[in-house]
Structure formats: C-alpha cells, structure tokens
Amino acid sequence: MKAPAFSYLRPRQLHEVLKLLAEHGDEARLLAGGQTLLATLNMRLSEPALLIDMQAVSELKGLSIAGQTLRIGAMVTHTEIETSDLVAQHAPLLTAAASHIAHRAIRNMGTFGGSIAYGDPAAEWPACLLALSGVIVVRSLRGERRIAADDFFTGLYTTDLAPDEVIVACEIPVAQANQKMSFTELARRHGDYAVVGLAATATMLGNKMSNVRLAWIGVGSTPMRSPQAEQALNDQPLNAQSVAQAVEVLRSEIAPLPDLTHSEAAKRQLAGVLLKRALTSWMSTVENA
Amino acid sequence: MNAPESYFLRHVEAEARPTPVAAPLAAPLQDASHIGQAIPRPNIERLAQGRGQYVDDLELPRMAHVVFWRSPVAHCHITSIERDFARMMPGVLAVYDGKDLATICKPWVATLSHLAGIKSAPQYPMALDRACWQGEPVVAVVAKTRAEAEDALQYVQVTWEDLPSAVDMKTALHPDTPVIHPELGDNLCFSRTLDTGGVDEAFARADVVVEATFDFGRHTGVTLETRCQIADYSPASGQLTVYHSQQAPHMMQDLYARQFDLPESSVRVICKDVGGSFGIKVHAYPDDFATVAISILLKRPVKFVADRLESFTSDIHAREHHIKGRIAATSAGEILAFEIDDTTGIGPYSMFPRTSGIEGNQVVNLTGGPYKHKAYRAKLNVVFLNKTPTCQYRGVGHPVACAVTEGLVDLVAAKLGMDPLELRKRNVMPDDSYPATGASGIKLEVLSHEACLRKMETLMDYPALLAEQAALRAQGIYRGIGFATLIELTNPGAAFYGVGGARISAQDGATARLEPSGAVTVMVSVGEQGQGTEAIFSQITADAVGVAMSQVRIVTGDTQATPYGGGTWASRGAGIGGEAVLQAGLALRTNILKVAGVILKRDASTLSLKQGAVVDADSGEALLPFAELGRVAYFRPDTLPAGFTPELMVTRHYAQRDYPFIFTNGVQASYVEVDSETGFVKLLKHWAVEDCGRVINPMLVDEQIRGAIVQGIGGALFEECLYDAAGLLINGSMADYLVPMAGEMPDITIAHIETPTRSSMLGAKGAGEAGTAGAPGAVVNAINDALRPLKAAVWSQPVTPEKILKALGHIP
Amino acid sequence: MELQGRVTIPASAEQVWQALNDPEILRRCIPGCEEVQQISPAEMHARVLLRMGPVRARFAGKVKMTDIRPLQGYTLNFEGSGGSAGFARGSSVITLTTVGNDTQLDYTAQATVAGKLGQIGGRLIDASSKQLADKFFAGLKATLAGTGSQAEVEQSSWVVSPLASSHSIAIQGHSNGGEFTRLVWFFAGVAATSIGVWMGAHWLR
Amino acid sequence: MHEPMTDLPQTQTIRFTLNGQSIEREVQARTHLVDFLRDGAELKGSHLGCEHGVCGACTVQLDGQIVRGCLVLAVQADGRSVNTVEGLSDSGALAQLQAAFIRRNALQCGFCTSGMLLAAHELIEQRPNATREEVREWISGNYCRCTGYQAIVDAICDVLAERKTAAQGAKA
C-alpha cells in the first residue's frame, strides 16, 4: 500500500500556511501529526496534490496558562499532554484520557489540533473538549474566530471549520477546586477506539451538582452531549436516587449508532453503566469532603 | 521404526520446569546434556538485531513487482478488462489477465481420494471470466517498483456483472440458493457420517441428556509477515528459483514443476526467515502460481508481497462451523454417548493441495476424543460459499471439536451438580488402557489424561480457587473456572495426505557432515518458522554426535541443499524431523568412531565421543579432537589403510509408520471475571498441563504452548471475519479484525507430563497446536461458569460483550 | 445496509416531484455533486466528490429511475465507481404524500459498498449513508422552502437520527445477498468515503 | 486517478541524521519513512506488517521518540534524527533488552522484534518503575502472533529489575 504521488511543503510561519491553503484549496491537505492522514494516503483513499506540513510552525506549539485559561497549541502531541504537569494540575480530565489514545508511538506523533479537526466521534479529545467547555481558536487570511466546542462538531467528520481555516489552539477553563471530573471508556482492547466512552464534569455546591456536562464517545455521529441526562442531574444532590434517575433519562435520551459488534441496545446499556460508575466514583469523594 | 521397550518408562510425571523427568534415552544418549534442557535458541541474535532475511528483504537484479486487481465482490462475471491506460503508466512492464497465465499454468482441482466423494472445480492462477470471492485475483500489473505498479493498478478498468452468490452456510444447500459451480450439481464439497451404533440406545437409557448449539466464527491467521515470494525464472538454464515464505518447500517444488510442466530438478524453492506461518503458508495460492507464471513470461525475477488489506481476503480462512451437539450420561456421571451435526462453510473452491475437507473431517474424528464412551454419531456437511477459501490453520478442527466436547461435558456436570474436574476424571480414558481406539475409530498409542488432570488440580490449587470464587460471588463479583481436556494429532504418517494422492512427503530426512574443522553441519528437510526447530535440531545433534552445540550448524529451507521432506505442519517438526536428525547424528557418531579406531589403531568399541573429541570409553581420557580426525580424514587419507574410506557425511530418514497419527494430550484451565453489567470479560489466569512426549527444550515448548493458547483465546473472545449479506468482508483491516494484544492476555502457567512415543527413539510428539486446541474450550467454559448463577450461557464464539449482554437479558 | 427516513417539505407534491426530476436541483442538493447530466428522461449521469475528513473519492456513475409514479414517487437505481476506493450500488424508493399544504417524503434505501472501502470500514456505512441522506433531503427541503442555511441542513440530520435503530435491525434481517447489493448512489458514495476516514481516524487519532 | 493541480515538485532532497550518521538523499514526497529506510538506506530491520499504523512492526525512533514508521513521511524527517534497530544494536543501546529477549525466548519468527525492542526501550527509559500491567499496556500497540506476549513481558520486567538494582548499587 503506497501513497499516490503528491508535493510537500513545510512553511515556518502560520500566515504561509494560510496562504498556501487559500491558494490550493481542497487540493492541499494540512499535515499535523499525520496519524490519520497518512494511513488514508497509504490506502489511496485520498489523492491530494499538496501536503502542507505544520511541524515547523512555532505559533502552533506549546502549552500555557493565561489567567484562568489553559491554552493547548494545535500541534501539541498527545504525549506532551499525557506527561504535562501543567495539564495534570489544570485539566486532569485530559491527563486521565490521554493514556486511552491509541498507543505510545502514535501519541508521540498525533496532535491535539489534528484530533479536534477530524472530530472523530470515537476519539477522546473532542469529547473532553466538550466536557470542559473548551473553545477552538481558528485562523484564516480572513482573521481569527473563536468557536465553542458545543458549536464546533456539526456532523460525521464535519466541523464548523471553513475550508480556508486552520485550528491554531484550544482553550480550556482551568479546573476549579469544587469541580468533579471523570473519564471512563470501554474498549475491547487497550488503545482501541472506544465502544462507548464518557467524559463528565460537574461543579459541586455542597452535595448539589450544577453545570453537569456529559460528553459521549462512540454514541452519536459526532462527539455529543446528553442534555436531558445533564438536566436530570443539575441542582440535584449526588445520591443513589439521582444517579438512577439520570441513568434512566440517559437511556431513553440517546440512540447510539451500532458498530461492527455492538448494537444500539448494547451501547445504550453500556452508556448507562458508564454514567452510573462515573457519578458513583464522585459520591465517595463528596461524602468524604 | 519401533524402538525396543527397554528405552522407555511410562508416565513419569514432570516436576516444575526447567527439566521435566522423562524416560531416559538409550546409550549412547543416556547422559544427554542438551536434550531436555531449556537452552536459548543459538540462531536468533540476528533476528534480535533486525538482521534476519525475510523475503521482502531480498532484492535481485532486474526484479519487478506485481500487484493484483482483485474482485471487489463475492461473485461476478468479468465482462471486460481495459489494460491500455495501465500499460502506458511509468515503470509498467506488463499487465496480464487470467487467460494470459492459463496458457502456461495448468488448472488444479483440490480433492483427496481418502475423503470419499469430495469435489471441487478447476481453479486457475487468476479468474478467467468469473470471480468467485471478494479478493480473487483477476488482473496482474507488473512494474519496476511497487509504487509504480499501484499507480498503474488504478488505471486498470474492469467491468463486471454481479452474479447471485451463496454466502450463508446454513442455506448453502437450499434449492433456492445459487449453485456456485453448476457442473458440480450442488454446493456440497464433502460430507461424512459416522455411527458406532448403540447411540440411540445410549440416549434412551441415559439419566441426563443435554443439547446445545455451538457457533464458531471465521478466523484467519494474520501472520505478521504477509504472504510473499520472489519467483526467478532463468530462460537460459530453464531453472526456476522461488524465494518463498513457506512451510513446505518440497511440496511447492513439486506443484510448480507439475503445474508448469517443468522438470522437478529445474525447480528450487528457498525458504529463508519466515515471519510467522501457523498454517497460512502451507498452501498453494492462486497468486503464488500467478507470480511464477509472470516471472516465466517476463523472463525476470518478480516479487509479490501481499499488502495487509489483500491478506484479509486472500489468505486462507478457517473454523466457520455451526454444530448441534448432544451428550448422554448416567446420574453417576458416566458419559454414554456424544452426537454432533456439523455444518462448515468453506470458499468457492477446495484449497490446493490439502483440500478444505480436512478440518471438518478432523472435527468428526476428534469430538469426544479424550473420553471412554463407546457410542458416537456424527454428521458433517462441508459447503461451498462465495467467501475466501478456507483450509488448514493452526489447530485444524481441534479447537472446534474440543470446545464442543468440553462444553457438553460442562453442561452435564452442571445438570448433575457434579464438579466438572471430577466428571472428567471419571470419564477420561485410563492411563493404563493404551494402546486404545477412540469411539470415532482413532488409534491412540499412549496418553496420560489422568496424570494431567491430577497435575492440573495441584498446579492451579483448585480448592483454593473454588473458595475464592464462592467468596467473590457473595459480593456480586462473577468469576468462572473452565477446563478443557484435549487430544492433539501430531507426527502424521502417510495417512494424512499421501494415501489420498497428495504429493506431500510423510518422511523427512537429515544429512549430517563432520567438517574438517571438527564442526558438524546438519541439513534437514524440516524448516524454521520461529518455533525453534533449528535450536532443537542442534541440541539433538550435539547429544547424538557428542559435540558442543556451538560446533553444530543447521541448514534448512532449500530444496536443493536438504534431503526431501514434508516440512513444518501438523506439529511434526520435532517428532519426525527430530528423529531423522537423531538417527543421522548417531550414524555419524558410528562413522566417526570407525575413523577414530583406524587412526588410533584401537577397537572402536573402546572409544566414545564427547565434547568434540574422541575419548577412551572407560577413563574418558581425551584421545583425538574432531579437528585432528577431520584433518587426517580429508587431507591425509594417504595415511589411512588401503581400502578404508572415511564416511563422514551420512543421511537418515524417518517416517512414522506405526500409527496414522501419534496423539498428544493435555488439559487447560482458564480463570475469568465477567462484568455482569457490561458483558466485558477479563482473563485472570490460564494454566496448561501438556504431554507432548519427550520435551527436547522445555523453554521452547512452553513458548509454543503460550503462543498457541493466545491464538486460541483470540478465537474465543476477539477474532472473526465478519461478512455482510452480500458476501463482502466488513472488518478486513488490522484495526477491525481484533487479534489478541498484550494488554488483555493473562499470564499462562505450564507444566508437563512426559510420555514418550514408542514409535521413535527420540520419543517426541508435537507441541505446536495443543495450546490453540484447548484454549477456546477452557475460556468459554470459564465464562459460562461465571454466568451460571445468573442463569445465562453463551456458546457462540467469539464471545463478545454484545452476546453476553443478550444472554444476561440486559438487551433484547 | 438499509435506511429509511421521512422529511416533511413545505411545498406541494407538484413542486417536490419537479425538483426530484430536475438535474440542477439534484446537483445542488446532493452533497459534493459536481455534475448531473440528463441522458434520457429516466436516466442521468452524475459525478460526485465525496469529502470526509482526509478522504476524497470521486464517484462517477449512472442513476436510473424506474417504477415512476408521477407525483407519487419512483425508484432510483444507481451504480457508481470510486476507482481504487471502491464501488457502490443501490436503490432507493421515494414516496410522496400530500399532508395539508406540505408534502411528506418517505424514503427507504438499500446499499452495498464493494472493494477496499467496504472492507476497511463496514462500521460506519449506516451512519454516513444516513447523514448523507439527511443532508440531501434537508437540502431539498431548504431549496423548496427557499431557505438553505447549513445550520438547518445539519439540524434536520439530527431530527432523523433516532432511525439508527432501524438500520441495525435491517442489517441483521439480511438473508439473501442479491437483494442487498443496492443503494441509492450518493448514500453509497459517502458511506464509502466516510468509512475511510472512520477507519483512519478511529484507531490512529 | 488524478493529475496534480500544482506544479510543485513531487520529489525533494532531504538531509537527516540516520543512526548517528548524516545522510542526504533525493526522495519522493510520498515515500514513507520505512520504505525509505528499507529501499533508500538499505536498512531492512524495520518491517512492514500492515502499513496502516496498527501492527507496530515498523516502529523507529524520530528525534529519540518511537513513531510508526509507516505513518511518517521520509520528508518529515528532514533535519531531524532517526534511529533504527540496526543503529541501536550497534550502539549497544538495546543490548540489555536483546540479551533478555534471547534468554527468555521472547521472539519466535522475529518479525515484530525490531518494533517491540524499540517500544520496550522507550518504556525502560521513560517508566523505570513500570509494573507488569503497565508493561503489558505499553507494548499493547505492538502485535506479536507467535509468543503470546508473556515472554516479552518477562524479558522487559527483567531489564527493569536489573536497572533498578544497578541504580541502587550506584547510590550505595
């Protein structure tokens, strides 16, 4: 399986990337970590005329804290996030999710921005960004846009990103002391795409939950939330009844897409179990608090 | 040959590794210092440095690369092939269709005369006007580089008309299902019934009768190195050399000679390093013949390396069975009878040359194999489908027969409320009852079921495990223990293929030569695929001749350099090849002693050989190093008496003739935890007690068993070739066809009972497949043991979370 | 693979019927459609560029209308080749019913994607085909309603999403291969391509 | 089936450090790193098992980190540093692991071994305290059909233990 012939450029400046993209349009393809694109090219499922490699663009790199915001450059690799103390401190959900992403050799190349740009419904980062109320910062020759994760994933592998736009970074509000976070997923084999996964966050006021965000992996055709289940939990005390109630609401709310070996019904069951387990894991810590 | 009784003790139980106790070998091997030792393989440093030589690592002058346009659908009539655009692409040397290749390669029909009534249709290197499965080669594009060939492949335009297809084995014989080869009359490739008599009576008088239906998914081997070869035909000499990733080089030599009408002596098959085979690389594939044909037509070397996607649709598949099983027993726990009705779906053709009938035939032969019941009835239908052809893959029917047998035994145990281990103890053939004949008619030389079960009980500390299981169940944690007792067919005689007319050698040979330097070179017809064949041949040679392993070099995998033989399959390498090496080594020892006697002017009987030197038989005093003996024999024969000629190169052959097969036996146990909310299964631990006769290298045997067990677990939990209703493979990539990875696999503890076979002096039986044979049965039984208190059961492999959730009633 | 769906279009059956027979409107509503040529009243040639994530595949093929029932519906049969990517075949039955001032459009579709794409990603045929169907009919709806914002198109694909269940049932229901080697072509197209991305994306990220 | 829409060249000259030696070659942009290593640099130790990034047989080091060699283009390595199993064998970096692999018979056919060794090497460098479970998890991206993994896990755990002992010895 050998890729079709194409040209390759490695600009050093973001504006060069934007110019090339505007100039070549859909004939050009952005190369971030390449862990999806290159497999697709090896299989000749795409024949771009030009690859624009962004590895040399320093504006797209680095993790930083600005005020109450954690900024993740588009070209930051999965491994950088996995091993970052900054992330562990300010977005522990990401640290928890990182080790579920494929395998080390892929995490060393694959990038946060690349993962967000594809919006794979089975991938970890898009769901985490949803759960964390993240914002995607995109740039084009026309200027900069900031898009809430809630508005970004518009369909199966389709996002709000315009053809001439490039993701430069994602911004995440830093974790608060009274914020609960949980990442769980079920995969047949370690590192496989999840059958079902859940990235959940909530703010605890005493024993009451608020601002509950449940972001699901492998359920819809996009990374998606379950507003009704969230609603069932907001302003509720965290206890067995509220959990059971939320699980019931969730199972009637979602209509998961089947995969090769798991039916809609099975995924519905599994999603309920994940929600129960995530919330239960919070209970102990709350009671102890 | 049959070795004298005095060589053997029976059932000497192994203690823990590394050195199981076995019957001592006879003089001059009684003080063997290599056989039986866990010695690391001497020849793998190069593999550990990435310096092996796999076929794709080889480059020959003027070498071209071939890629194939394969049928994208299950069954179609090829209406036109447009090649001109592809021909004009850069680097392209030729574009061929099936008719081009058929002009120089004869078609084949894969049947065996001892599989009564088996039928198939003529098959060609590439489809002529009809493709019968998704992945059948139709057009070949040859170019100077692989990338150029793939570039041109995109410009090959094939038009076709879909033909109705047969894709479901359960309906393949229905009158409304299209017949794939009308000239054959129906889609039945092979069928067999077996009835010992007394079955109905047994079921009538039984206190308990249990029935279950067992399903097994289609598997494929997924060797990490895909199938590959370089065919190099020299028009000047008429010599065809094929560098092949293959298990049976002499078989391929014979087939290439016959299909292309070449003299056998003009065909040379070379197998260097092989990146995994497991039965996938013991067959003759259409694209093998196509690659050779193209080399002949182009008069230059041609390399074919299957890419991973085409591997999934062109490598053989196996194991797709649907079996209704019944078992009858008394309330005292005596098993009275087994009955099975097996349907298995193969491809549109029986696979060349071993046929696709053998696997189902094995299921019939092996079901109920470990037990002493007398009544048995079996029915088998092997049906053609428009899916990838199936054939022998590691375990060949064993994993299916074992899972059905052991599943039924566990169901009886549950119904009787009897401990499943106890039930097995009461019903296995007693260790002192051999030689014996199984209910299916199989001849069993000598087995050790009772000893293996006893050892398993202590190895896994069964009582403690039961206590833990009970305690955890009280907490709502569902763990299960599953057993699988098994027999494995190894060391086949001619019964397997030769008597059926397949030109596959049942005999293997070894040629041992003392080099002037004192080193020993042994050329063996059984090759290395990673099992450690060459390592154990070195061990055997070292002991047989009396030389250090470091002084032994093994040569395999070249039809022009080694004796003729069958190769590596049916767990025959150690048992058949090893015995040939042993006999050649002993013969060389005798000849060395003769030469030594002459040089030293002593009676050879007062001499012995140790550590590469001739020594005094009594004192052990070193008298003559091999290097000195070699110098005299090769360079100063003038100093030897007239009429005496040193014969320092000898060849010996061995074929197992005492029985159709030499069976091994063993028992496996699995300990699992089932998440009753998600249906996910965690493998906690796995045990195997194996009796493969003489253990030549315990470390290598254990690693064979572990690897085989994990391959078996793959089938039990993960692996299945999924097809849609149109006969199209929908998970044909490494991401979607789930092979076991390190994260989910358990640690595996292995112990041995050693009951050497008397059919050879070495006493070794095979060990390559028993792990795969027993693991699925043990794991599925463990899962069902965990599910039993929840009143759920799953008998369909692979056991997925979906199936468990259904069984638990969580989902419809 | 079997799909079904329903869209209610704020237009008369006449208008909808006209639209369904107008190559230009079809071209506008079919995602990625580059060209539609009317060959005969009942046959069109079409070329579609299917784009999903990093995957691009150009499908060229024929669409044939059969069982034409003016103002009530027809059957669309398609076969199209995506070159080395794969081959898609199928059919879709479209039925129109007048409901007050609106027209209710029901569709069912059956599909097979042959070749590489089908092999590497059976997983998402349903989801992607359905999304494309949703987009097409939402686009049709938007066109006839005189509005056509992306948002609305996306919206409607969610409206139909509870149908996911019907797919899985339909898949399990399959028995006879011949019957199911069919699909309305653009479903197959997007199915085909999206699979590739899914394949690439889901294990690599 | 498509004609390039750009007149940009489809080959270019790359310079990078390969196993410690600087190398300069003209390559097609489409050539992935392992094809370049095997054909362009005549290093056959990195193997191709799937070419879609799943099996791990093609694992090589890029700037000291393991990557899937079939999912990196040779042109991406321009100006960077690449190590293969051959280089890391000659430098002795893998010696301890190789010895343990051979002692434990942690390879059979050997096709996965190059990638497995490189993955293991990054583990013992990055996670000196890894547990047996973490070792299993770490190598779960490298496919081996022969061994059943246990011997590989044992070999890696041996090396982790040896290095711990050595480290403690150094402290004392």
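What is the mean pLDDT of chain C, and what percentage of its residues reach 70 or more? The mean is 67, and 66% of the residues of chain C reach 70 or more. Here pLDDT is the predictor's confidence in each residue, from 0 to 100.

Let me state the conventions. This is a predicted model, in which local features need pLDDT of at least 70 and side-chain atom pairs count only at pLDDT 80 or more, while totals for chains, interfaces and linings use all residues. Residues are numbered from 1 along each chain as its sequence is written, and chains are lettered from A and ligands numbered from 1 in the order in which they are written.

I begin with confidence. For the complex, the predictor gives an ipTM of 0.93 and a pTM of 0.93. Within chain C, confidence is highest in helix α1 (residues 13-20), at a mean of 89, and lowest in helix α7 (residues 177-180), at 22. Helices (H or I, at least four residues) and strands (E, at least two) are DSSP runs, numbered from the N terminus. Residues 147-205 of chain C stay under 50 in pLDDT, and the model has 207 contacts beyond four places in sequence for them. Two residues are in contact if their C-beta atoms, placed from the backbone, lie within 7 Å.

Chain B has a mean pLDDT of 95, with 97% of its residues at 70 or more. Its residues 1-20 have pLDDT below 50, and this stretch has 49 contacts in the model beyond near neighbours in sequence.

I turn to the domains of chain B. The division is into domain 1 (55-163 + 224-277 + 281-314), domain 2 (317-494 + 658-807) and domain 3 (507-654); such bounds come from an automatic or database domain assignment. Between domain 1 and domain 3 of chain B, the C-alpha centres lie 40 Å apart. Their contact takes 15 residues from domain 1 of chain B and 14 residues from domain 3 of chain B. On the domain 1 side, the elements giving two or more residues are α6 (249-259) and β13 (267-270) of chain B. The largest share of that side, four residues, comes from α6(B).

Next, a helix pair in chain B. How do the axes of α14 (residues 533-546) and α15 (residues 573-600) of chain B cross? They come within 8 Å and cross at roughly 30°. Axes are lines fitted to C-alpha atoms, for helices over the stretch in contact, and angles run from 0 to 180 degrees between N-to-C directions. That angle makes α14(B) roughly parallel to α15(B), since angles under 35 degrees count as roughly parallel, over 145 as roughly antiparallel, 65 to 115 as roughly perpendicular and the rest as oblique. The crossing of α14(B) past α15(B) is right-handed, a crossing being left-handed if the near helix is turned anticlockwise from the far one by less than a right angle, and right-handed if clockwise. Residues of α14(B) in this contact include I536(B), F537(B) and I540(B), and those of α15(B) include G577(B), G578(B) and V581(B). The contact has ten nonpolar, seven polar and one charged residues.

A second pair lies in chain D. Helices α3 (residues 95-103) and α6 (residues 150-171) of chain D pack at an angle of about 135°, with axes 8 Å apart. α3(D) and α6(D) are therefore oblique to each other, and α3(D) passes α6(D) in a right-handed crossing. Q96(D), L97(D), A100(D) and F101(D) of α3(D) meet A155(D), D158(D), V159(D) and E162(D) of α6(D). These divide into five nonpolar, one polar and two charged residues.

Finally, the contacts of chain D with other chains. Chain B gives 43 residues and chain D gives 40 residues to their contact. The largest share on the side of chain B, seven residues, comes from α17(B). Chain A places 31 residues in contact with 33 residues of chain D. The side of chain A that touches chain D divides into 16 nonpolar, ten polar and five charged residues.

How values were computed
Nonpolar A, V, L, I, M, F, W, Y, C, P; charged D, E, K, R; others polar.
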